[in-house]
Structure formats: C-alpha cells, structure tokens
Amino acid sequence: MRQRTERFTTIARRELQNGLSQTFLSLLPPGFRALRAMGMSSFPDPDAAVEYARAIRASVVARLPELLEEFERRALALGAKVIWTRTALQANEIILDLARERGATYITKSKSMLSEETGLGEHLRKGGVEPFETDLGEFITQLLGRPPFHIVGPAINVPPEEIRDAFLAGAGLKESTTDPVRLGLAARLFLRDKFKHLKMGVVGVNMAVASTGTIINVENEGNIRMIKSSPPTVVALMSPEKVVPSLSDAMHLLRILSRNCTGQKITSYVSLDSGPKRDSEIDGPAELFIVIVDNGRSEIYQDPLWREALRCIRCGACLNTCPVYTKIGGYPYGFAYSGPMGQVLNPLLLGLADTRDLYQACTLCGACREVCPAGIDHPALLLSYRARAASDWHGPQAARVLLRRSLATLLAFAMTHPRLWNLGIKLTRPLFNLAARDGYIHTLPGAQGWFACRDLPAVPEKTFRERWRQDHGQ
Amino acid sequence: MPKVSMFIPCTVDLLLPQVGEAAMLLLKRLGVRPSYHPEQTCCGQPLLNAGYRAEARRSAKHFLTTFWDEDIVVSPSGSCVCMIKQHYPELLKDEPAWHARALAQAEKTFELSQYLVNVLGASDVGAAYHGTVTYHESCHILRGLGVTEQPQHLIRNVRGAHYVALDNAQTCCGFGGEFAASYPDISGALVRDKVRSFLSSPAELLLVSEPGCLLNIKGYLHRHHPDKRVMHLAEFLIQQKVA
C-alpha cells in the first residue's frame with residue numbers, strides 16, 4: 001500500500017476543517033463507548049474476561065514460532081497448502097500467479113487490513129487480475145480510491161450522496177437514490193454476479209487455530225462466506241500473529257473481539273474452515289492456500305518489547321477511544337492501520353524514519369491501553385520508538401536529532417545540578433516575560449504551536465522555591 | 001504529626017507557584033508538617049517522553065538521592081507521580097540497587113488528593129465555596145494512578161460547593177507536553193472540546209489536579225473566554241471564605 005505517513009499533519013489539518021468528518025467523528029466516542037459498555041456488561045465478570053484475553057494474546061506472542069509450526073502441521077494434514085513469504089511483494093506475486101494459473105481474470109476479496117498492508121489489490125490489478133472488494137465499506141472505498149477511514153467501518157464516514165455517485169459510475173446503480181437499502185441492494189446485485197463462475201477468492205484471517213489447523217473469519221455481511229464457498233480455489237492471507245493456541249482460546253477471543261468494538265456478542269457470521277473440501281463433503285473449495293506473510297514481523301519479534309505490538313487482534317476499540325483519532329479520523333495515518341493500533345504497528349512495519357508523526361502525535365493519555373483486550377501498552381511502545389529515533393544519527397533528520405540530543409544532555413545536566421537548574425529557571429523568566437501583558441504571555445518565538453490557540457500565564461516575580469526560602473529561610 | 005516532603009513540579013515552580021503554596025497550606029491545615037527539599041529539580045518526565053532514557057535515568061537518580069531520607073513524598077501532579085512510581089522502576093530495571101530504591105520510592109510517593117484521602121482519610125478539609133464547580137479527570141491521575149474518586153470526594157465535601165460532573169471528564173484535554181506545541185491543530189481541537197464541555201455545564205469554575213492540564217486550559221480560556229475560571233484542586237481546597 002502506498003504510504004503517506006509523512007503527510008500526517010497536513011491531512012490531519014484538512015480533516016479537522018472537514019465539517020463532515022468532524023460531525024461523524026464527534027459521534028464515535030459516545031456511540032462506541034455505549035456499545036462497548038453494553039457488550040462487555042454481558043460477561044459475568046468483564047474484567048476477568050479481558051484479563052483472560054490478554055493472557056491468551058501474551059501466550060501467543062511468547063510461543064509464536066512453535067504455534068505457527070503446529071498450525072502448519074495441522075493445516076497440511078487437512079489438505080491445505082501453506083506458503084510462507086518473507087515480503088509483501090512475494091505474497092502478492094504468489095497470489096497473482098495462483099490467479100493466472102487458474103485462468104482467473106478477476107477475484108473477489110474480503111476486507112483484510114493485511115492485504116491493505118501488502119498492497120495486494122493494486123498488485124493484482126497491475127497484473128491483469130481485477131480484485132473486487134466484497135465488504136460493502138471496502139467496496140465503497142475501492143470505488144472512491146480511498147484508504148480505509150476506520151478498521152471496522154472503512155467507509156463509515158462517506159455520505160450517501162457520494163456512495164450514490166460512486167455506484168452510478170462503477171457499480172451498475174440504475175436509479176439515482178440515496179436510500180441505504182437500495183444502495184445496499186445495488187452492491188449486492190453487482191457483487192453476487194461476481195461470485196458466479198468465480199475461479200478464485202482471497203480472504204483475510206481473523207484467527208488461525210494451532211491445535212486444529214482451522215481458519216476463522218468474522219464478518220457481518222456474509223461476503224466472506226460467499227468467497228470461501230463459491231470458488232474452487234480459496235487463498236487465505238494471514239500474518240503470523242493471527243495464530244492462537246486452541247479452539248477454546250479462539251472462542252474466548254471471539255467473545256471479546258466484537259463486544260469490545262461494536263458491542264455485538266458475536267458477529268453475524270463466523271466461519272470456521274478446516275482445510276479444503278473433503279471427498280465426503282458436498283461443498284467447499286477444492287484447494288485452500290494459506291499464505292503467511294512475514295513482512296518484517298520476524299525482525300520485530302527479535303525485540304522483546306516491540307513484539308508486544310503483535311498481540312493486536314484488530315478489534316478497533318483503541319481507535320474509538322483515542323482523543324487524537326477521534327479528532328482526525330483514519331486518513332492522516334497514511335497506511336493500513338490507523339489510530340493507536342496504527343501508531344504502534346506502522347512504525348515497525350514501515351520504519352521509524354518515515355513515521356515520526358505516528359509516535360510523536362500522542363498525548364500518552366493511556367485511553368487505548370485501557371480498552372485494549374490484547375494487553376498492549378501503547379504508550380510504552382511509542383516511548384520506545386521515540387527513544388530509538390532519538391538515537392538515530394544516520395537518518396535524514398540527523399541535524400535535528402543532534403540538536404535535540406544536545407539539549408536533552410544539557411537539561412539532564414542541569415536537573416542533576418540544582419544550583420545550575422535554579423539559575424537557569426531564574427534566567428528564563430525575563431525571556432518568557434518579554435511579551436507578557438495583562439498577566440499573560442501571548443507569544444514566544446519558537447513556540448508558535450502553543451500560542452496558536454492559547455496564552456501562557458506570565459512568569460511570577462518569584463518561583464515557588466524562592467517564595468518558600470523567603471518564608472522559611474532555608 | 002506526619003511529615004511530608006513536597007515535590008514541586010517544574011511547571012508549578014516557574015509558572016504556578018500559588019499551586020505549590022496552596023498544597024503546602026492545605027497539608028498544614030490537616031495537621032501535616034510539609035517540607036521542601038531544596039535539592040529537588042525536575043522528575044525527568046519531559047526527557048523520557050522525548051525519548052531520552054539515559055538522561056531521564058540521570059534525573060531519576062538525582063530524585064531518588066534527594067528524597068531518600070524522606071518518609072513520604074507528595075506532589076500536586078499526577079504525571080510527575082506516575083513518572084516516579086511507574087517509570088523510575090522501569091527505567092532502572094537493569095541496575096538492581098537503583099531499582100530497589102525506585103520501588104521503595106514508589107511506595108512512599110503520592111499524588112496530593114491520593115495522599116489526602118487514602119492516607120490521611122480526609123473528607124472535609126475546612127474549605128468553603130459558594131457556587132457550582134466541575135472537575136476534569138487528568139489522564140495520568142485517572143488512568144495512570146487510578147485516582148478518580150478521591151478528588152471528587154474532596155470537592156463534594158467543600159461547604160457550599162455544588163459539584164456537577166463534567167461531560168467527557170475522562171477525555172484528554174490535549175496537553176501532552178511537547179504534543180501541545182508540536183501538533184497545535186489537534187491539541188487546539190482537544191482543548192476546545194474540553195472547554196466546550198465546561199461551558200455547557202452549569203459550573204462557573206473548572207477544577208483540575210494536574211499542572212499541565214491547568215496551563216493548557218487556563219491558557220485557552222484566557223485567550224477565548226477570559227471570564228471563565230479554572231484552578232488547581234489545591235487552590236480550591238484552601239478557600240475558606242464563602243465568596
């Protein structure tokens with residue numbers, strides 16, 4: 001996927017000025033908060049349920065290599081073919097080859113953030129195989145040529161008028177309507193047609209069960225079930241961390257996954273598929289390929305802290321609660337994953353040098369960590385990226401890194417030398433107060449950001465320390 | 001008489017000395033003998049947040065050395081207290097002796113309202129106020145320290161004060177240290193929302209327990225709604241005259 005993470009601030013500003021985005025985003029936190037509360041309250045002990053989920057994800061990350069090997073063994077025994085690829089490009093090429101070998105001129109696809117990450121759709125199109133997104137939201141974003149706005153609702157922010165125009169142009173909509181039911185029907189008719197005579201379908205994977213070799217997909221539209229059951233060839237695209245130890249672990253994560261985001265006790269459809277069609281069965285694909293895409297994850301796994309990012313189950317709860325995401329939406333993050341999920345994942349997948357804003361644009365409020373059912377400590381990860389970036393002498397920002405590092409060294413020196421520290425504070429006062437009037441400072445050179453929307457109290461004549469000394473004679 | 005050593009955050013020392021004085025006075029009124037250790041500087045939080053772990057470690061060691069002999073350390077800032085209680089042990093995990101000191105320090109360090117309610121068992125601190133107030137739950141106090149009931153308990157027990165809950169009280173105000181200066185558009189949108197919640201409440205006074213949030217909201221109010229007031233909980237709790 002084309003990354004535009006370097007335009008974070010620009011796109012964020014644009015979205016902050018977009019009335020439509022703002023209206024929609026303002027509904028997210030209260031709406032999802034209520035849905036999540038409702039969903040989680042159906043557990044006899046919600047906190048215990050979350051702790052159990054966190055423990056499962058912790059064990060997945062701890063045991064990742066052996067679980068993957070077990071999954072592969074089981075899946076192979078069931079007749080699936082398992083393909084490991086190191087890079088996104090290798091995965092894309094393999095899938096394109098599979099389509100070509102089967103004479104497919106088009107494929108249908110489920111919503112899969114991993115396929116957004118690898119840029120599968122674009123690769124297939126360039127290779128002459130048309131990919132049709134079949135998740136309604138993803139279908140709309142595909143027609144509009146936009147990245148997903150939200151992991152659960154990729155086009156959740158798109159108004160019906162825009163959908164109408166896109167459908168009139170590219171989805172065979174006959175009448176000009178903004179009625180959601182008619183728009184939905186138009187998409188259904190258009191996509192149903194694609195499932196007929198379908199030669200190959202590509203799905204993502206929500207969970208891969210190590211003990212059984214089963215692939216689990218959750219969805220609300222039935223399109224994934226169509227993809228998994230219509231064509232003779234199904235390709236399941238997964239990243240290594242999708243694996244879970246057992247079916248009972250998977251069942252618990254299913255209970256958490258949808259409750260934690262949309263508040264559903266379970267999604268409308270859950271499919272568990274163990275291998276391709278067997279001789280005794282009447283339907284199912286003749287061949288099932290499971291493509292496991294590493295795309296840098298093995299390297300991430302080498303770092304004991306960074307591997308914690310692989311706990312993520314993509315529920316999307318962190319987006320709905322993040323103060324930054326709920327102001328700017330999904331577009332500024334510039335990659336498959338947005339919100340806190342993207343802030344922890346994208347820098348690891350794309351490199352710290354090109355994703356600076358993703359780990360800097362965070363107030364460390366901890367709201368994401370609180371709702372994370374996988375037990376990710378987002379602030380700790382972002383701080384660790386900041387620490388790594390602060391020591392990157394070779395990047396494009398070397399001069400800036402050096403300057404900031406010198407300043408930090410100086411500050412730390414002063415902090416450990418109280419006399420110097422207090423002298424520094426004393427010298428700061430007149431500088432701060434140069435622009436003070438009516439008891440407030442209205443601007444300071446080099447701090448335009450702060451003063452863009454707010455003032456700062458003028459620095460009082462005496463610091464706390466000086467006042468205390470005066471009163472207590474220390 | 002319990003003795004408490006007060007840690008004054010740098011923002012309070014330089015910009016909001018009245019908050020530190022209020023915290024001192026409050027403790028005195030509750031029969032505590034507060035002191036100020038002159039060797040104290042900054043807890044190092046800005047360094048850690050900017051990615052300078054080695055430098056933050058140096059300031060952590062300075063802090064631990066300074067406050068080593070103190071029985072109890074209290075600070076009118078949840079984020080400094082989080083730094084001390086949570087980040088110091090993590091920063092120093094590879095140096096066993098320092099790590100042990102950090103853990104010991106964590107045990108005896110408290111955010112102001114946490115100390116007042118959990119340790120002193122305070123309810124009515126002798127304050128009086130005539131009017132309606134509301135309270136913003138700062139992220140590091142709420143989610144960092146799990147302190148949410150304590151400040152509200154103290155406010156409810158102020159004579160004459162009518163406490164109303166703030167809409168979205170638990171949403172970040174957009175301060176975030178350097179974040180406020182680096183991402184003015186986003187930070188500005190967040191503080192604007194926070195102030196909107198305040199303006200739409202019946203309260204005429206907003207209370208916060210975190211100097212960072214206080215500077216952010218105070219600065220925004222002064223620019224856009226100069227007639228509206230925000231103050232630190234400590235300042236509020238030393239008011240005795242019914243206005």
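**Two helices in chain B**

Analyst: Helix 5 of chain B and helix 6 of chain B are roughly antiparallel to each other, because the angle between them falls in the class over 145 degrees. This is a predicted model, in which local features need pLDDT of at least 70, side-chain atom pairs count only at pLDDT 80 or more, and totals for chains, interfaces and linings use all residues. Residues are numbered from 1 along each chain as its sequence is written, with chains lettered from A and ligands numbered from 1 in the order in which they are written.

User: At what angle do the axes of helix 5 and helix 6 of chain B cross?

Analyst: Two packed helices are described by the angle between their axes and the distance between the axes. Here the axes of helix 5 (residues 78–91) and helix 6 (residues 96–107) of chain B cross at roughly 165° and come within 8 Å; axes are lines fitted to C-alpha atoms, over the stretch in contact for helices, with angles from 0 to 180 degrees between N-to-C directions. Helices are DSSP runs (H or I, at least four residues), numbered from the N terminus.

User: Which residues of helix 5 of chain B meet helix 6 of chain B?

Analyst: Ile84(B), Lys85(B), Tyr88(B) and Pro89(B) do so, facing a set in helix 6 of chain B that includes His99(B) and Leu103(B); contact requires C-beta atoms, placed from the backbone, within 7 Å.

User: How many residues of chain B are in contact with chain A?

Analyst: 53 residues of chain B are in contact with 50 residues of chain A. Among the elements giving two or more residues to this side of chain B are helix 2 (17–29) and helix 12 (211–224) of chain B.

User: What is opposite Ile215(A)?

Analyst: Asp273(A), in strand 9 of chain A, stands opposite Ile215(A), where strands are DSSP runs (E, at least two residues).

Terms used:
Contact = placed C-beta atoms within 7 Å. Pairing = 2+ DSSP bridges. Parallel < 35°, antiparallel > 145°, perpendicular 65-115°, else oblique.
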